[in-house]
Amino acid sequence: MVLIAKETIEQQANRLLEESIIYYNSSPVGAVAATDSEREALNYDQCFIRDFIPAALVFIIQGKTEIVYNFLIETVSLQKQKRRIDCYQPPTGLMPASFKVESQGDNQYLHADFGDKAIGRVTPIDSCLWWIILLRAYVKATKDESLAKSDSFQEALTFILEICLGPQFEMTPTLLVPDGACMIDRPMGLSGHPLEIQSLFYFALRAAREMLQKTTDGQVLIEKINNRLGSVVCHLRDYYWLDLKKLNQIHRYQVEQFGESVVNKFNIYPESIPYWLTEWMPDQGGYLAGNLGPGKMDFRFFALGNLVSIMGSLTTDQQSQNILTLIENRWSNLVSQMPMKLCYPAIEGLTWKIITGCDPKNTPWSYHNGGSWPVLLWMMMAACQKMGREDLADRAMTIAEIRLMSDEWPEYYDGKNGRLIGKSSRKFQTWTIAGWLLAKLLRENPHCLNYVCFEKDTEAIACTI
Ligand code: GLC
């Protein structure tokens, strides 16, 4: 009798990740979003830029840099493809949400989706920000600057920065975007200045500054970046921050204040504080709010934006510690049976109807609306390691490991405590697999943490409020 040794979770994750790779003219260029044979593929057979990030980081740490190199090169050429689809014209610089290898006769070509095919025609703004973040990680790990310094990569960076730093109908230093422009790519009240985009924007600006050539044009961009970083940091740290002290201030805000030096600059009415928050906010801990605009603060907790803010040092050390303390103090809501909630709490009833447009995929405590996403594990690990709170990340990993492999690596989980596999969840979702593997690799190789983190910024032009 031949005994076949059972695959360990790590062996399985590595095998599945290998099997998800997409080849273009026989070279590896990316990975499909999921390999679930039981559900219609839709666009899950494509390589999403944002989904590929954890996989690319795993490959980088494992020394398999060829696939990441190819991915970076091919996405630059996709960025330059100018196509018009009905009345849609992707602006120069925008990176696609996803791409696919197609064939015509014996020839292969890459076909990109800039949001012109995506459900709801959402604009994938996070793609170009994640792309810059990945490029920096590649440079840091390989110590090879030639790719980033090449003319075509400098041009790609410039295109992105021109969109981000160009004039907009907007006074605030944050980036103004339409709804669903990031990982949450369905209507969820994210139009305006959602935290996820702002935290990626901040990280990407810092990463771009490191890689820009110091030519005359490069210096002009660096100066613009330094100006913008200073104001973004000020704005987010002060106006987005929520803890018990701040909640008390908002609770007692004067309203309708006019002039330059008023306290309640955005005219937030105390009555808009949701009741759940007055009970939920712990004595210790705090977080960055989900969105901020005139007369409107989105008080929901969004995990990705808060974790990336810690990783990029967008928050002060004290705020970063406080975010992790909040996660610890509200563990049963935010982590519970599967790390971790993408957004807390879910929106329900009439609010759900109005904000999501009655989206049946985003019903309360499902998918983006209070569902739990294991891909967030790697960001949780990175943020915890950076702040010396490995104990929290280890707890989260233990919870995830109990179920991920036997549940066949779902895309997301449903329910207040994340016990149910998501209703429409794909299985064998690549970023679930890569997210877990990356968290494990970061834990074992702390010297790789600087690929995905920044220390405090000392170059930005300081701004005071
Ligand atoms: C869903 C997610 C999005 C992801 C895509 C592919 O649309 O919301 O963030 O990129 O699936 O996995």
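The legends below describe close-up views of one predicted model.

Residues are numbered from 1 along each chain as its sequence is written, and side-chain values use heavy atoms, with hydrogens and water left out. Because the model is predicted, local features need pLDDT of at least 70 and side-chain atom pairs count only at pLDDT 80 or more, whereas totals for chains, interfaces and linings use all residues.

View 1. The ligand is surrounded by Ala-33, Tyr-44, Phe-48, Arg-50, Asp-51, Met-183, Asp-185, Tyr-367, His-368, Glu-411, Gln-429 and Trp-431, where a residue is listed if one of its heavy atoms lies within 4 Å of the molecule. Of the 310 Å² of accessible area that the ligand has on its own, the protein covers 95%, the areas being computed by the Shrake-Rupley method with a 1.4 Å probe. The space taken by the ligand is the second largest pocket; a pocket is here an open set of points, on a 1 Å grid over the protein atoms alone, where a 1.4 Å probe fits and with protein on both sides within 12 Å along at least five of seven lines. A molecule sits in such a pocket if more than half of its atoms lie within 2 Å of its grid points.

View 2. Asp-36 is found in the loop between strand 2 (27-31) and strand 3 (47-48), strands being DSSP runs of E with at least two residues and helices being runs of H or I with at least four, both numbered from the N terminus. With a relative accessible area of 13%, Asp-36 is buried; the term means under 20% relative accessible area, while exposed means over 50% and partly exposed lies in between (1.4 Å probe, protein chains only). The side chain of Asp-36 reaches the backbone nitrogen of Glu-38 at 2.9 Å and that of Lys-427 at 2.8 Å. Leaving aside neighbours within four places in sequence, Asp-36 is in contact (heavy atoms within 4.5 Å) with Ser-425, Arg-426 and Lys-427. The C-alpha atoms of Asp-36 and Glu-408 are separated by 9.5 Å, although the two residues are 372 residues apart along the chain.

**View 3. Thr-315 between two helices.** Thr-315 is found in the loop between helix 11 (303-311) and helix 12 (317-329) and is buried, with a relative accessible area of 3%. Its side chain makes a polar contact with the side chain of Ser-320 at 2.9 Å, a polar contact being a pair of N or O atoms within 3.5 Å in which, within protein, one must be able to donate a hydrogen and the other to accept it, and residues adjacent in sequence count only if both atoms are side-chain atoms. The side chain of Thr-315 also reaches the backbone oxygen of Ser-309 at 3.4 Å. Not counting residues up to four places away in sequence, Thr-315 touches Arg-237, Leu-288, Ser-309, Ile-310, Ser-320 and Ile-323.

View 4. Most peptide bonds are trans. A cis peptide bond joins Pro-339 and Met-340, with omega about -20°, and Met-340 is found in the loop between helix 13 (331-334) and strand 11 (343-344). Another cis peptide bond joins Tyr-344 and Pro-345, with omega about -10°; Pro-345 lies in the loop between strand 11 and helix 14 (349-356).

**View 5. Loop residues with positive phi.** Most residues other than glycine have a negative phi. Glu-256 has a phi near 55°, lies in the loop between helix 9 (244-251) and helix 10 (275-280), and is exposed, with a relative accessible area of 53%. Cys-358, with a positive phi of about 65°, has its place in the loop between helix 14 and helix 15 (377-386) and counts as partly exposed at 41% relative accessibility.

**View 6. Helix 15 and the glycine after it.** Helix 15 is mostly covered, with 10 of its 10 residues buried, among them Trp-378, Cys-384 and Lys-386. Just after helix 15, Gly-388 takes a positive phi of about 70°.

Technical notes: On a 1 Å grid over the protein atoms alone, a cavity is a set of points where a 1.4 Å probe fits but cannot get out, and a pocket is an open set with protein on both sides within 12 Å along at least five of seven lines; lining residues have an atom within 4 Å of a point.
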